Amino acid sequence: MAEKVIKKSDHYEVEPWRMTGYIHQQVMNDAAIQKIMQDKMMYLTWMHKQEAGRCLPGYTKEELES
Amino acid sequence: MEILSYKKFYEDPVKKGEKVDDELSKDCYNVFACRHKFCREWCPDYVEEGNESYTSYGYHTGLLALSRGNGDLSEMKNAYIHCLECGQCELKCPNTMFGGDFYRVTTTTVDLVRKMRRDLHAQGIDYDGFEEVQKTIDDFKAHDAGPDEDLTSWAAGLDLPFEGETMMFVDYYNAFQTREVPIAAAKILKAAGVKFGILKHPHITTGELYETDEDAWVDAAKKNVEALKEAGAKTVIIVNPHEYSYFIKEYPRYVGELPFDVVFITDYVNDLIKAGTIKFVKPYNKKVTFHDPCSLNKLCGNYKAPREIIAALPGTHAEIEDPVLQWKYCCGNGVSSAFRKALPDVSYKIGVRRLKHANDVGAEVLLVACPHCKDMFAETKTKSGINIEPVHILEVVAYCMGIEV
């Protein structure tokens with residue numbers, strides 16, 4: 001990995017000193033981090049369920065030639 | 001579980017004719033620079049109105065434009081009222097969802113909207129329809145200044161003490177407008193043998209005040225926490241999900257770590273059902289679906305307990321959707337009722353869309369866990385004629401327990 005990161009309870013965080021130049025970190029506790037992780041997994045799982053069960057058909061020969 | 005996530009530089013007010021704070025300007029650029037627009041796809045207001053100015057993208061971009069000298073603060077008069085404060089945009093924003101936990105920087109649209117409504121109000125720039133909102137605030141302030149007996153009159157005959165290790169916090173909306181909800185909650189807990197008390201004088205918590213006069217709201221927050229502490233609370237059960245989000249997300253910001261645990265009523269009741277303390281004696285033979293309150297599902301990530309309660313109800317046929325799908329819906333009230341009061345037509349359209357969707361899944365009853373949702377859906381049902389009954393989940397639990405509410 002190119003950047004040094006901090007690994008905390010199953011997720012990665014940027015080293016805080018890297019967030020002191022342009023954009024600063026906001027006040028955020030572990031519960032807020034956990035909520036983001038929960039939302040992310042829920043959303044990706046939901047998206048997967050929407051899309052993984054079907055395969056979009058490609059163009060037919062007639063459609064391509066029309 | 002306290003969820004703390006906020007930006008300190010939001011505390012500096014945006015003032016007419018003055019330079020916008022550099023931190024705020026850069027923060028707005030972070031959203032402006034995005035081309036995904038996930039924020040608008042499921043925004044209930046954008047779905048109805050189709051105006052990008054009224055999305056997370058629009059709010060941040062407008063402010064960025066202001067910081068670059070393009071436009072005037074008064075032009076934003078009617079923009080920020082179009083936010084329901086449901087939180088869909090900020091949790092679905094890639095800045096939050098795919099980078100927030102890594103960088104500890106997220107999109108905080110709800111905070112920004114509240115801040116801007118406050119800043120605009122402080123400079124006398126109020127949105128059209130603000131008078132109705134001010135009237136609500138004045139009514140609630142009058143309750144706060146009124147006699148203690150009025151605030152607890154909903155509990156008449158329930159013989160609840162004003163102290164205890166377990167306290168139930170009942171806000172003014174529940175205490176005066178949807179009394180059946182706290183009454184059902186209290187009767188369920190009593191029937192389950194839970195020893196609990198209520199505050200003799202709960203102080204004002206309404207979101208309309210929070211986004212108008214922050215100091216007064218914070219003052220009331222401190223009084224609530226102090227009163228609960230003095231009453232001996234170790235666990236505080238909240239009956240209104242709006243207040244639940246204020247207690248776990250906003251109170252710690254101003255009061256520090258709370259000296260008690262905060263639990264939402266559905267979590268508490270669900271635990272009692274699982275423990276076998278709550279027993280059902282009557283079936284509820286209805287086809288139901290469930291509407292997640294925005295303040296519970298989107299703002300606090302709490303969605304499991306209502307689903308488990310509904311699954312445990314005898315005789316109930318439930319068609320319940322994934323909580324993620326419900327990110328795109330709102331009842332139309334908004335977490336602060338200012339939206340509903342200032343934009344009743346948009347509010348109605350949002351409510352109709354949700355009711356129609358509930359109809360589409362074949363439900364005859366729309367269960368809710370929020371008094372504001374219940375009130376909003378009841379009004380929408382009457383106006384639209386869509387034949388689906390909004391019922392609070394606690395009323396159904398009480399019914400199945402054989403309790404008369």
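The legends below describe close-up views of a predicted model.

Residues are numbered from 1 along each chain as its sequence is written, and chains are lettered from A and ligands numbered from 1 in the order in which they are written. Because the model is predicted, local features need pLDDT of at least 70 and side-chain atom pairs count only at pLDDT 80 or more, while totals for chains, interfaces and linings use all residues; side-chain values use heavy atoms, with hydrogens and water left out.

**View 1. An open parallel sheet of chain B has the strand order 3-2-4-5.**
The sheet holds 4 strands. Strands, like helices, are DSSP runs numbered from the N terminus (helices: H or I, at least four residues; strands: E, at least two), and two strands pair if DSSP finds at least two bridges between them. Strand 3 (197–198) and strand 5 (261–264) of chain B stand at the edges with a single partner strand each, so one side of each is left without a neighbour in the sheet. Strand 2 (residues 166–169) of chain B is joined to strand 3 of chain B by 2 bridges in the parallel sense, and to strand 4 of chain B by 4 bridges, also parallel.

**View 2. The residues of strand 2 of chain B point two ways.**
From this strand, T166(B) and M168(B) point one way, and M167(B) and F169(B) point the other way. These residues are all buried, a term for under 20% relative accessible area, with exposed meaning over 50% and partly exposed lying in between (1.4 Å probe, protein chains only). Towards strand 3 of chain B, M168(B) has I198(B) as its bridge partner, and M167(B) stands opposite G197(B). In strand 4 of chain B, the residue opposite F169(B) is I238(B).

**View 3. Helix 16 of chain B lies across strands of the sheet.**
Helix 16 (residues 265–274) lies across strand 2, strand 4 (235–238) and strand 5 of chain B. The helix runs at about 80° to strand 5 of chain B; axes are lines fitted to C-alpha atoms, for helices over the stretch in contact, and angles run from 0 to 180 degrees between N-to-C directions.

**View 4. Another open sheet of chain B has the order 7-6-8-9.**
Here 4 strands are paired in parallel. Strand 7 (317–318) and strand 9 (389–392) of chain B stand at the edges, each with a single partner strand, so one side of each has no neighbour in the sheet. Strand 6 (residues 287–291) of chain B pairs with strand 7 of chain B over 2 bridges, and V288(B) has A318(B) as its bridge partner in strand 7 of chain B. Helix 18 (residues 304–312) of chain B packs on the sheet, touching strand 6, strand 7 and strand 8 (365–368) of chain B, and its direction makes about 170° with that of strand 6 of chain B.

**View 5. Helix 18 of chain B has a set of buried residues.**
The buried residues are A305(B), P306(B), R307(B), I309(B) and I310(B). They pack against helix 16, strand 6, strand 7, strand 8 and helix 22 (393–400) of chain B.

**View 6. E85(B) and D159(B) each have a positive phi.**
Most residues other than glycine have a negative phi. Phi is near 60° for E85(B), which is found in the loop between helix 4 (56–67) and helix 5 (88–92) of chain B. E85(B) is buried, with a relative accessible area of 1%. Phi is near 55° for D159(B), which lies in the loop between helix 10 (148–151) and strand 2 of chain B. D159(B) is exposed, at a relative accessible area of 69%.

Definitions and conventions:
Contact means heavy atoms within 4.5 Å.
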